[in-house]
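Subject: Structure handover and notes

Hello,

Here is the structure you asked for. My notes on it follow below.

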Amino acid sequence: MVTLTTQEKAMLDGAQGPAVARAMALLVRYAEALGAEDFVETNNVAGVPGSASPWMKEYYAADGGDYRAVFSRFDLDSDDVVDVPRMNAFSCHLQGGMDPELWREQGMTEAANANFRSDEAEVAAHGIQLLKTCTPYLAGNVPVMGEHCAWMESSAVVFCNSVVGGRTNCEGRESTSAAMLAKRIPNWGFHRDAYRLGQHAIDVQVPVDDVFDWGLLGYFTGAAVEDTIPVLSGAIANPSLIRHKHFGAAAASSGGVEMYHMVGITPEARDLETAFGGAPRGERFIYDAKARRRTWETLNSVGQSTAVDFVMLGCPHYSIEQIAEAAHLIEGRRVHANCALWIFTSRAVKAVADAGGHTATLRAAGALLMTDTCSAISQAIPPGTRVAAFDSAKQTHYLPAMMGIEGWFGTTAECIDAACTGVWRGDLA
Ligand code: F3S
């Protein structure tokens, strides 16, 4: 049974209006289902509040079919439709369904774009920041150590818990939308110290040097530990933020890793003892040259033909450093006539890429820098795509299976080369 504070009881009784009362009621049901005994306060929520495709608005047509109807009936699971006020918590919109400018290139219709624009106006009017990215930490939302957050998006969640020591479970649309109004989330899972301790060891015995290798190690780690907390030690030099981004996203896709420790690197793993706390240690997995090759072969098992017609970069959304690298790699070359190169990032990072001339360099080479979404989320790929290439283990894991295409996983340089030649020549060094 969840215990409520006086303020939480008042919210539940409607002191802050009907929408907050519905939000609190949903969160109480959620807390009880989890077995949580109380709530933590949060002022950092990232979700997809009230977003609705046309079919969803049609589904709620009898309730008015607007943002208010979708937010009440779907997000808050309310029996009736209530007015939705400005959000009370600092709230961010994660990735969405299309690029605001290049939506035609993504194969979206005028009607879908009109729906996207009206949704976005509602989101902004409700005080939700339009980050439109799976990397909020690269676009203005960086939690601090110990901060209670309520985030969706597996790659963002694992980054928040592991790299900066923020605290979030992998939330859903309903819980994040309710948390935006009530500023509460059940005190359960990663919000509690006891659930943040390491469970299995990963002994890294080969050097892990670049983004590609961190993606491979992440994919190996997720497959090994599934949805538990790995503790990595050994040949791991201090990874950059970008390497953490690719490691965590890969571990969250091959397994369900929501938090990891790297001994001497991540903030809750000063040493092996701290990382495991007093928790019993589970299995020890060895990452050596053989494991590295096996992981690479698994990722590349969805590639048969070397004739590549689509290269997709930016999963998770590219940082400015990665965009600058891609622009540098392609400068003076051109995307092959039989191929397309799409790179995904956030609006905030694209603004910097525009200012630095990287967008223009990519455009001159025939590549497109897109924001807000990605091929997996929007299910948008160039027409006729049969074989794609990625520098992201996560996108390699998902997109070929979702779209029924072949896929290759390699370095950023191998991907740019494939985009410019139309041929996959990647190999494991
Ligand atoms: Fe982001 Fe899409 Fe990858 S939302 S983490 S780029 S699957």
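How many bridges join β14 to β15? Four bridges join these two strands, and the strands run parallel. Strands here are DSSP runs of E with at least two residues, helices are DSSP runs of H or I with at least four residues, and both are numbered from the N terminus. Two strands are taken to pair if DSSP finds at least two bridges between them.

Before the rest, a word on the source. This is a predicted model, in which local features need pLDDT of at least 70 and side-chain atom pairs count only at pLDDT 80 or more, while totals for chains, interfaces and linings use all residues. Residues are numbered from 1 along each chain as its sequence is written, and side-chain values use heavy atoms, with hydrogens and water left out.

The sheet

β14 and β15 belong to an open sheet of five strands, ordered β13-β12-β11-β14-β15 and paired in parallel. Its edge strands are β13 (368-371) and β15 (406-409), each of which pairs on one side only. On average, neighbouring strands of this sheet are turned by 25° against each other, direction ignored. Axes are lines fitted to C-alpha atoms, for helices over the stretch in contact, and angles run from 0 to 180 degrees between N-to-C directions.

Going through the pairs, β12 and β13 run parallel and are joined by four bridges, with Trp342 opposite Leu368 in β13. Three bridges join β11 to β14, also a parallel pair, and Phe310 stands opposite Ala388 in β14. Phe390 has Phe409 in β15 as its bridge partner.

In a regular strand the side chains alternate between the two faces of the sheet. In β14, Val387 and Ala389 point one way, Ala388 and Phe390 point the other way, and all are buried. Buried means under 20% relative accessible area, exposed means over 50%, and partly exposed is in between (1.4 Å probe, protein chains only).

Helices around the sheet

β14, helix α16 (residues 393-403) and β15 make a right-handed β-α-β unit. Right-handed means that, with the strands pointing away from the viewer, the path from the first strand over the helix to the second runs clockwise. Helix α13 (residues 347-355) lies across β11 (310-318), β12 and β13, at about 145° to β13. Helix α17 (residues 412-421) lies across β11, β12 and β14 (387-390), at about 145° to β11.

Thr345

Thr345 sits in strand β12 (residues 340-345). Thr345 counts as buried because its relative accessibility is 0%. Leaving aside neighbours within four places in sequence, its contacts (heavy atoms within 4.5 Å) include His317, Tyr318, Ile323, Lys350 and Asp372. A polar atom of the Thr345 side chain lies 2.7 Å from the backbone oxygen of Tyr318. Between Thr345 and Glu105 there are 16 Å in space, C-alpha to C-alpha, and the two are 240 residues apart in sequence.

Salt bridges

Side chains of opposite charge can pair when their charged atoms come close. The structure holds 24 salt bridges, each being a side-chain nitrogen of Lys or Arg within 4 Å of a carboxyl oxygen of Asp or Glu. I have picked out these:

- Glu120 and Arg347 form a salt bridge, with the closest N and O atoms 2.8 Å apart. This pair links distant parts of the chain, with Glu120 in helix α5 (residues 110-125) and Arg347 in helix α13, 227 residues apart. Glu120 is buried at 13% relative accessible area, whereas Arg347 is partly exposed at 24%.

- Lys394 and Glu153 meet through their side chains in a salt bridge of 3.1 Å, N to O. Lys394 is in helix α16 and Glu153 in the loop between β5 (150-151) and α6 (154-162), so the pair ties together parts that are 241 residues apart in sequence. Lys394 is buried at 12% relative accessibility, and Glu153 is buried at 14%.

- Arg167 and Asp193 meet in a salt bridge of 2.8 Å, N to O. Arg167 is in the loop between α6 and α7 (173-182) and Asp193 in the loop between β6 (184-186) and β7 (200-204), 26 residues apart. Arg167 is buried at 13% relative accessible area, while Asp193 is exposed at 56% relative accessibility.

Salt bridges that share partners also join Glu120, Lys132, Arg347 and Asp372 into one network.

Regards

Methods. Polar contact = N/O pair within 3.5 Å; in protein donor to acceptor, adjacent residues only side chain to side chain.
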